[in-house]
Amino acid sequence: MEYKDALRRAAAICSRQELSSGDMLNKLKGWQVDEADVRKIILKLQEEKFLDDRRYAGIYVRDKFRLNQWGKIKIKAMLRQKGINEVVIGEALDQIDEESYTRVCSALIHQKASSLSETDTFTRKGKLFRYASGRGF
């Protein structure tokens, strides 16, 4: 795909949904755009504020914490997979209020505990810890 077509198509996608630079990089490679053009397109999209990893990470953290009730560990791992810088991830995770973070974690554990039929305390705690760990807490 040629530079202008790829840039137009990428800008159209970015105007409809928020993407990270890593996501756009993968899309451009999938469209078989030349490597030199890929770098130019991503820089152009960042200059024109179509791509902004800080904005993306902030939105991602808020959505995954509020809607999916993921913990910071899982959110951080998913943002790393998307190619977001560690500093940007840290800034985005700082947006989560510690009180609400603790409240959500506690509510999830209580909800899971009420659904468990296990009577052995040791096994019960193990299941709850694994559940919380799987949710990223």
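The charged end of Lys64 sits 4.9 Å from the centre of the Trp70 ring, over that ring. A charge sits over a ring here if NZ of Lys or CZ of Arg is within 6 Å of the ring centre and within 35 degrees of the ring normal. Lys40 likewise lies over the face of Tyr3, at 5.1 Å from the ring centre.

The model is predicted: local features need pLDDT of at least 70, side-chain atom pairs count only at pLDDT 80 or more, and totals for chains, interfaces and linings use all residues. Residues are numbered from 1 along each chain as its sequence is written, and side-chain values use heavy atoms, with hydrogens and water left out.

Turning to ring pairs, the structure holds 3 aromatic pairs. Rings of Phe, Tyr and Trp (its six-membered ring) pair if their centres lie within 6.5 Å; planes under 30 degrees apart count as stacked, over 60 as edge-to-face and the rest as tilted. Phe65 and Tyr101 are stacked, because their ring centres are 6.0 Å apart and their planes at 25°. Phe65 belongs to helix α4 (residues 53-66) and Tyr101 to helix α7 (residues 98-115), so this pair ties together parts 36 residues apart in sequence. Helices are DSSP runs (H or I, at least four residues), numbered from the N terminus.

Phe65 counts as buried at 12% relative accessibility, and Tyr101 is buried at 13%. Buried means under 20% relative accessible area (1.4 Å probe, protein chains only), exposed over 50%, and partly exposed in between. Tyr101 also pairs with Phe137: their centres lie 5.0 Å apart with planes at 45°, so the pair is tilted.

Note on methods. Helix = DSSP H or I, 4+ residues; strand = E, 2+ residues; numbered from the N terminus.
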